[in-house]
Amino acid sequence: MKHFDVIVIGGGHAGTEAASAAARAGASVALVTQKLATIGMMSCNPAIGGLGKGHLVREIDALDGIMGRAADAAGIQFRLLNLRKGPAVQGPRAQADRALYRTFVQAELSAQQNLSLIEGEVVDLIADDSRIGGVILADGQSVSARAVVLTAGTFLNGLIHIGDQRQAGGRMGDAPSTRLGDRLNDLDLKRGRLKTGTPPRLDGRTINWSILDEQKGDDEPSMFSFLNRKPVARQVSCGVTRTNERTHDIIRANLSRSAMYGGHIDGVGPRYCPSIEDKVVRFSDKDSHQVFLEPEGLTDHTVYPNGISSSLPIEVQNAYVSSIVGLENATILQPAYAIEYDFFDPRALSAGLGVLNLEGLFFAGQINGTTGYEEAAAQGLAAGLNAGHLAMDKEPVQFHRSGSYIGVLLDDLRSRGVTEPYRMFTSRAEYRLSLRADNADQRLTEQGISLGIVSEARKSSFYKKLNNLNDLKGRLEKRTFTPRDLLEGGVHVSSDGSRRSGLDVLGAFAMTSDQQDRLLPELLNADPDIRTQILRDAMYGRYLDRQQAQIDQLKREELTAIPADFSYAGLSGLSGELLSKLQRQRPASLAVAAQIEGMTPAALALILANVRRSAALREAG
Amino acid sequence: MSDTIFALATARGKAGIAVVRVSGPLALDAAAALGICQLPTRRGVLRKLMIGDELLDTALVLFFEAGASFTGEKAVEFQVHGSEAVVSALLQFLTGLPGLRLAEPGEFTRRALENGMLDLTQVEALADLIDAETEAQRRQAQRVLSGGLGQRAAVWRKDLVRAGALIEATIDFADEDIPVDVIPEVCDIVDRLLRSFSAEIEGSRSSERVRAGFEVAIVGAPNVGKSSLLNALVGRDVAITSAVAGTTRDVIEVRMDLGGLPVTLLDTAGLREATDEIERIGVERARERARLADLTVLLLEPGDVESDAEADIIVWGKADLAPGPNTVSGLSGQGLDWLVEEIRTRLQRRVSGSGLLIRDRHRSALMMASESMASARRSLYDINPSLELVAADLRTASHALDILVGKIGVEALLDEIFSSFCIGK
């Protein structure tokens, strides 16, 4: 029987990052997928990044994951979202050529040491009562492993709806993994059902582009990877059009035939990615909705009309599509569909995405109730690292919510669970001002280096950047200004007699870059990236200090761990409601307990006192 | 390492003895700053507490080593004379020391728990105590809530969630077609909140007074009879009274129960152009105290015309010689009941306008909220507003209100976004 440290099931965005991360961490890894050719496939929209999501991609890249470099290699239109807003809320986004993306990911995995790719269907897990031992493939072959990462996506009990037609399946054309799904039932994990939808895919040659608005990429493209400077693929534009009253009339007239409105779907859908039916019903006062026409690739005529996902029957789709300006004669290549699938309540996972009641099994991606490539990839990275470390008897790898969007994602899943498909937003990160896309490397690459998962090339370019940054920061801190100096430099300041450092000056006063150069000649010769970063840190300085104080407070409370076997039942004075919440959620620390809804300071004190007491008793033996 | 904390461990107010407890790594440094070195452990010694060159009090000082004190940390206890002035001077001095801060309510107990200074039975007993405390806190909170703070905070929270949702929608869904400019509505909300917070903080001064006492200053020309009036009000001789103008060279304070309200009467030096330096300082100080007092009573000579518009109550003295409306006499007691009632009514009116922010904690939370709103306002009125900073300020304000009541989560924020905007391509 073949043996690996880690087996990764699934070749989507979670699976590929998991396999790569575990292998880079030094584990021997097998990635098992039904079709090797679909590894790295973008099964929904042909784009990577966005607000919050772009931050995740930068963080994956800072840890030398695949997604950022793949998106750069495949990017055919780059836009930095929120360009006119503050740096903390800017997110890189790119339209990607599906074929180029897939090719890059497959090449990356083929070249990865310690990694084997196996084509096959996993039908069963090998496990005793408490530990995973490997997997069984459909051809009867067993493969043993100390850790297994399951990234089943929407394949678990997947059900596709087009109007009242339904068919079992993961994504169009793929067989669903029902046998594995049945097997997972035995684990007795809490399940939920979610849904998501896609728009009809159009033939770009049948779209009347000449009458549509064009959305171009940025003049200066922002890349995802810290290693890349400019796009490699040819750059193209997207088209923009809108629905109209006639579109809405068609949809309203056929609502009862929609899978969702016809009562065929039980799952909960994402509110931020509503179907066109949903938009027409819920926002009936709007007579028009925007539609972005996104090319799926340079050599592919398929166009993804972002904004009109649906589960209406095919003939209704044809009718509403042709009611839209520019799409009058558009041909649908693949109809829109909605898909329902199972997910497992992520509150039953460890901080490293391990299943608590079966050691060695990890879940990552949509199986945990998230949506989006980036969210899946981030989880894959975390799960892969932790699976590798478990298999090699190393310490778990942790991400804190004060240090990364990856940390926010993992913490949200584990402590809050999921009620609709979970998508990252910048508003989910309470320490948003310090968790910026531009400083992801400073937040994470050093951790990646110490984990041994970062390439030599990245390591040396990172340290070079860090040295330049620290050097310039140091020089700006050393330089001081009197109010008189500043007034002479054209900065309006009251003569309060206080001396300010160069950094303080940059943070406190709005200046043109000419003024900055004159006052602080150090900036003149600095690398533009370094200069930008310094200015951003200075701009947020006051707020960053306040956030740091809050982070310190949070970390102090997190240091107070509550043992996993702590008994709440013996505590007199807890309300019944709190007691059941505590018993269900089993907070790992006082900080997590404090987050529980309805928690009172008195109850926290009571828990703390008893945690101390049981620790003392244990010590006394 | 934890902070060093201190607090008055005995009840407030006049008493034979007051105990000020300092706990934490800097406890001995605090003693040293008061001129006390080489303390023996767990044995009371009589020492002089010095603030600079000035003797504050002679106190019994106890030092407990880490592991042997109530909190389990290094601790020093000062048993001083139970005078408000001594205690407040000592607390003030400790506040000024780096690394020291006033303890939160219950913090000594909490530290004792955390440091394992209580055994099994004690912890159980303390759990009961915590419950009792909660019950009291609950009742206390209930009282505040029925007074309207809860309802008011709910309105504020709703506003904050709304403003947060508007801002976050424009940040997180920038590539969607959000039709309206949200800034004017956010500005309205922020302005409204800022006004509410300020009004509430303003009102909290009176609630604080209910606990700490009101100050009523008696002002007037020299020798008009202010000290006699004060003596008569208090019913005992406290201020030196003589017929020579300018006898009271300083401010004299007397605490009293005035119609059920705690009041400190201030007798100030006569307001005239002083000739000698010491009296000039006295007059200066009197003016300052009168300005800061909650209420001023201006005492005039019979026949004087009202001149000081700043006084709250104007009375004419020596009613025994020149009776009439609004006249009083310290000698005969004429008009005293009327004056007491007048002062009481006016203070009572202020009390009724307060009562929501009854604790310092409430007040400081609202100050935090108010400062964040002021900061948000500055950002919003920028030519190119930094919305992420406004969002950060809104979060801080929410956090501050969390301290007052319940919680605001990001989910609430997203709910608001999704119910207000059609988001999704």
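**Reading the model step by step**

Mentor: Let's start with one residue: Glu315(A) has 46% relative accessibility, so it counts as partly exposed. Keep in mind that this is a predicted model.

Trainee: What does the side chain of Glu315(A) meet in a salt bridge?

Mentor: The general idea first: side chains of opposite charge can pair when their charged atoms come close. Here, the side chain of Glu315(A) meets that of Arg257(A), at 2.5 Å from N to O. This pair links distant parts of the chain, 58 residues apart: Arg257(A) sits in the loop between H6 and H7 of chain A, and Glu315(A) in helix H8 of chain A. Arg257(A) is partly exposed too, with 35% relative accessibility.

Trainee: How many salt bridges are there over all chains?

Mentor: The count comes to 46. Another one joins Arg401(A) and Asp412(A), whose closest N and O atoms are 2.9 Å apart. Arg401(A) lies in the loop between H9 and helix H10 (405–416) of chain A, while Asp412(A) is in helix H10 itself, so the pair ties together parts that are 11 residues apart in sequence.

Trainee: Are Arg401(A) and Asp412(A) buried or exposed?

Mentor: Both are buried. They also belong to a network of salt bridges that links Arg401(A), Asp411(A), Asp412(A), Arg416(A) and Glu430(A).

Trainee: Which residue forms a salt bridge with Glu522(A)?

Mentor: That's Arg479(A), and the closest N and O atoms are 2.7 Å apart. Glu522(A) is in the loop between helix H15 (513–519) and helix H16 (528–559) of chain A, and Arg479(A) is in the loop between helix H12 (456–478) and strand S21 (480–481) of chain A, so parts 43 residues apart in sequence are tied together. Glu522(A) is buried, at 16% relative accessible area, whereas Arg479(A) is partly exposed, at 28%.

Trainee: Okay, back to helix H8 of chain A. Which of its residues are buried?

Mentor: In H8, which runs over residues 314–322, the buried ones are Val316(A), Gln317(A), Tyr320(A) and Val321(A). When you read a helix, check where its buried residues point. These cover an arc of only 130 degrees around the axis, which means they are on the same side of H8(A).

Trainee: What do the buried residues of H8(A) pack against?

Mentor: Their partners in chain A are strand S10 (159–162), strand S13 (201–203), helix H6 (245–253), helix H7 (276–282) and strand S18 (332–334).

Trainee: How do I read a nonpolar core?

Mentor: The largest nonpolar core has 104 residues, and Val6(A), Leu361(A) and Phe363(A) touch the most other members. Helix H9 (residues 373–391) of chain A gives the largest share of this core, 10 residues. Apart from that core lies another, of 30 residues, including Ile189(B), Leu194(B), Leu366(B) and Ala391(B).

Trainee: Which residues does Leu361(A) touch, not counting those up to four places away in sequence?

Mentor: Leu361(A) touches Leu125(A), Ile132(A), Val148(A), Leu150(A), Leu187(A), Leu353(A), Gly354(A) and Val355(A).

Trainee: And how should I take an annotation from a record?

Mentor: Note what the record says, then look at the surroundings in the model. The UniProt annotation "binding site", from an unreviewed entry, covers Arg21(B), Glu77(B), Met117(B) and Lys425(B). Take Glu77(B), which lies in strand S5 (residues 75–81) of chain B. Glu77(B) is buried, with a relative accessible area of 14%. The side chains of Glu77(B) and Arg21(B) make a polar contact, at 3.3 Å. Beyond its neighbours within four places in sequence, Glu77(B) is in contact with residues including Val19(B), Leu60(B) and Phe64(B).

Trainee: Can we zoom out to the whole of chain A? How many helices and strands are there?

Mentor: Chain A has 19 helices and 22 strands. Of its 621 residues, 59% are buried. For contacts in chain A with a separation of 6 or more, 72% come from residues 24 or more positions apart.

Technical notes. Residues are numbered from 1 along each chain as its sequence is written. Chains are lettered from A and ligands numbered from 1 in the order in which they are written. This is a predicted model: local features need pLDDT of at least 70, side-chain atom pairs count only at pLDDT 80 or more; totals for chains, interfaces and linings use all residues. Side-chain values use heavy atoms; hydrogens and water are left out. A nonpolar core is a set of buried Ala, Val, Leu, Ile, Met, Phe, Trp, Tyr and Cys residues joined through side-chain atoms within 4.5 Å. Buried means under 20% relative accessible area, exposed over 50%, partly exposed in between (1.4 Å probe, protein chains only). Helices (H or I, at least four residues) and strands (E, at least two) are DSSP runs, numbered from the N terminus. Contact means heavy atoms within 4.5 Å. The arc is that of the directions from the helix axis to the C-beta atoms. UniProt positions are given in the numbering used here, feature names are shortened, and annotations may be inferred rather than shown by experiment. A polar contact is a pair of N or O atoms within 3.5 Å; within protein, one must be able to donate a hydrogen and the other to accept it, and residues adjacent in sequence count only if both atoms are side-chain atoms. A salt bridge is a side-chain nitrogen of Lys or Arg within 4 Å of a carboxyl oxygen of Asp or Glu.
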